[in-house]
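Have the sequence and the 3D view ready.

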Amino acid sequence: MSSTERNEAVEVDVEGREYGRPDGRSEQVLGPVVRRRDQMVPGTTDQRLLDTRGPSDWVHSDPWRVLRIQSEFVEGFGALAELGPAISVFGSARTPAGSPEYETGRRIGAALVDAGYAVITGGGPGAMEAANRGASEADGVSVGLGIELPFEQGLNEYVNIGVNFRYFFVRKTMFVKYAHGFVVLPGGFGTLDELFEALTLLQTGKVTRFPIVLFGSAYWSGLADWLRETMIAQGKASPHDEQLFSITDDVDEAIALVTRVTAEG
Ligand SMILES: C/C(=C\CNc1ncnc2c1ncn2[C@@H]1O[C@H](COP(=O)(O)O)[C@@H](O)[C@H]1O)CO
């Protein structure tokens, strides 16, 4: 005897599995959707989620990447929304632990905490570790926004809130969105990328009142000279764009400069 003969509401799918309601009612509830009589479909939503096997190449497609990107924004916003006032500190991943530059980063991290700020870094080694270390040793909030890189790497041990990102551009949004300003220690391409992202956002008015402090005049003055004498002199930026950042060698002055806008309200 077939299942349809046993019970009118129970039907058989193409693979011979029974579906429909065994209590005799021809109705199917699929989440918010109700299906009745000949609109009923085999199985449940959970069964289709858990039981199905099919092609998997869609995980490498752009629509799926869009969802992954969206989930990074969701995770980042969720982790950082309640952070309170914070400053992002950038600098070279290659700054050796214990070097004078590293110790300066550590002092800056601690001084920012003493001034009432959380410290956000890229969560990696070198200058990032130094700033996180100073912040954590001062019992402050020490945030590391890590990035997936082609080689094995974890968040430095001084991070006490960490979020790992796949996409650089999502991570860069977090550095700006959750900080009141940037302190930039000597660094390479990664540091310049973060610096110029902020400068571009400021220049184009996408962010306002966002102090950028370059720490270390011996390192940064060559760049500042080139910006003034070549880029601005040849009309590729405006003379007032030079005022989008400050340069200092003094930790206390760096903290005063980077927190000035916030302190002034
Ligand atoms: C080079 C090594 C590790 C790199 N690991 C990084 N981890 C997290 N964030 C990084 C890393 N490298 C670059 N960044 C980001 O760019 C900035 C530093 O780049 P730079 O080229 O060294 O200036 C930094 O602020 C990060 O946000 C092995 O030691």
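A polar contact here is a pair of N or O atoms within 3.5 Å; within protein, one must be able to donate a hydrogen and the other to accept it, and residues adjacent in sequence count only if both atoms are side-chain atoms. Please keep in mind that this is a predicted model, in which local features need pLDDT of at least 70 and side-chain atom pairs count only at pLDDT 80 or more, while totals for chains, interfaces and linings use all residues. Residues are numbered from 1 along each chain as its sequence is written, and side-chain values use heavy atoms, with hydrogens and water left out.

Begin with the ligand's oxygen atoms. One of them is 2.6 Å from an N or O atom in the side chain of Thr191. Gly188 contributes through its backbone, with an N or O atom 2.5 Å from a ligand oxygen, and the side chain of Arg171 places an N or O atom 2.9 Å from an oxygen of the ligand. On its own the ligand has 610 Å² of accessible area, and the protein covers 81% of that (Shrake-Rupley method, 1.4 Å probe).

Where does the ligand sit? The space it takes is the largest pocket, as more than half of its atoms must lie within 2 Å of the grid points. A pocket is an open set of points on a 1 Å grid over the protein atoms alone, where a 1.4 Å probe fits, with protein on both sides within 12 Å along at least five of seven lines; a cavity is a set from which the probe cannot get out, and lining residues have an atom within 4 Å of a point.

The largest pocket has 32 lining residues, with Ala93, Met128, Ile147, Leu149 and Gln153 nearest its centre. Two or more lining residues come from each of β5 (86-90), β7 (142-147), β8 (161-165), α6 (168-177) and α7, and α7 gives the most, with five.

Finally, look at the largest cavity, which is lined by Thr95, Glu101, Tyr102, Ala127, Leu185 and Pro186.

Notes: Helices (H or I, at least four residues) and strands (E, at least two) are DSSP runs, numbered from the N terminus.
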